[in-house]
Amino acid sequence: MRWIALLVLPALAPAATQKTLTVNGETVTVVRDGYGVPHIFAPSEYALYYGNGYAVAEDRLWQMERYRRDATGRLAEIEGKSALERDREIRRRMYPRQQVERQFEAADAVVKSSFQAYADGVNARISEGRLPAEFAKRGLTAEPWTVLDSL
């Protein structure tokens, strides 16, 4: 007779977590699987983009801040003199803000709503006040996120 042993081990990944958000009277659920990957469940496109903005800010707000400053020629504000020449070059080459605003205004309503919902979700996370440690290390607060920051 042959014996087969079965060894049962608990799952190596941590348990999933869930967060419920409310936007415009709609419930958005952000479920993070055992690996921390967010899965967003929402009844409308606006709520979906809102949840996405919230989840991305929850995971990557400092990275978003660095990218925003880099894209607008303000990276030296947090990186120091080493980023000054890059900031000068970005400012020489970037589109004027008014041109970016016109491009956004020319977009269709669905696109504009999606960008606004995403920004609203990011700002909801910022308003909770739990910022990544990098902000405090540099004595910074998070500025509100705008649709232009995503462009």
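**Reading a predicted model: terms and values**

Colleague: Why does A107 count as partly exposed?

Modeller: A107 has a relative accessibility of 23%. Buried means under 20% relative accessible area, exposed means over 50%, and partly exposed is what lies in between, with a 1.4 Å probe and protein chains only. The value of 23% falls in between, so A107 counts as partly exposed. This is a predicted model, in which local features need pLDDT of at least 70, side-chain atom pairs count only at pLDDT 80 or more, and totals for chains, interfaces and linings use all residues. Residues are numbered from 1 along each chain as its sequence is written, and side-chain values use heavy atoms, with hydrogens and water left out.

Colleague: Where does A107 lie?

Modeller: A107 is in the loop between helix 4 and helix 5. Helices (H or I, at least four residues) and strands (E, at least two) are DSSP runs, numbered from the N terminus. A107 is 90 residues from T17 in sequence, and their C-alpha atoms are 36 Å apart in space.

Colleague: How many helices and strands does the chain have, and in what order do the elements run?

Modeller: The chain has seven helices and three strands. From the N terminus on, the order is β-β-β-α-α-α-α-α-α-α.

Colleague: What makes the chain more spread out than a compact globule?

Modeller: The radius of gyration (taken over C-alpha atoms) is compared with the globule rule, 2.2 Å times the number of residues to the power 0.38. For 151 residues the rule gives 15 Å, whereas the chain has 21 Å, which is well over that value; the chain is therefore more spread out than a compact globule. Along its principal axes, the C-alpha trace spans about 80 × 40 × 30 Å. Of the 151 residues, 30% count as buried.

Colleague: Why is N24 called exposed?

Modeller: The relative accessibility of N24 is 63%, and exposed means over 50%, so N24 counts as exposed. N24 lies in the loop between strand 1 (17-23) and strand 2 (26-32). Its phi is positive, about 50°, although N24 is not a glycine.

Colleague: Why does R69 count as buried?

Modeller: R69 has 3% relative accessibility, and buried means under 20%, so R69 counts as buried. R69 is placed in helix 1. Contact means heavy atoms within 4.5 Å; leaving aside neighbours within four places in sequence, R69 is in contact with R74, L75, E77, I78, L140 and E143.

Colleague: What makes a set of residues a nonpolar core, and which members of the largest one touch the most other members?

Modeller: A nonpolar core is a set of buried Ala, Val, Leu, Ile, Met, Phe, Trp, Tyr and Cys residues joined through side-chain atoms within 4.5 Å. The largest nonpolar core has 19 residues, of which L61, M64, V122 and W145 touch the most other members. At least two residues of this core come from each of helix 1 (45-71), helix 2 (76-79), helix 4 (97-106), helix 5 (109-127) and helix 7 (147-150). Another core lies apart from it, with 12 residues, among them I40, A55, A117 and A124.
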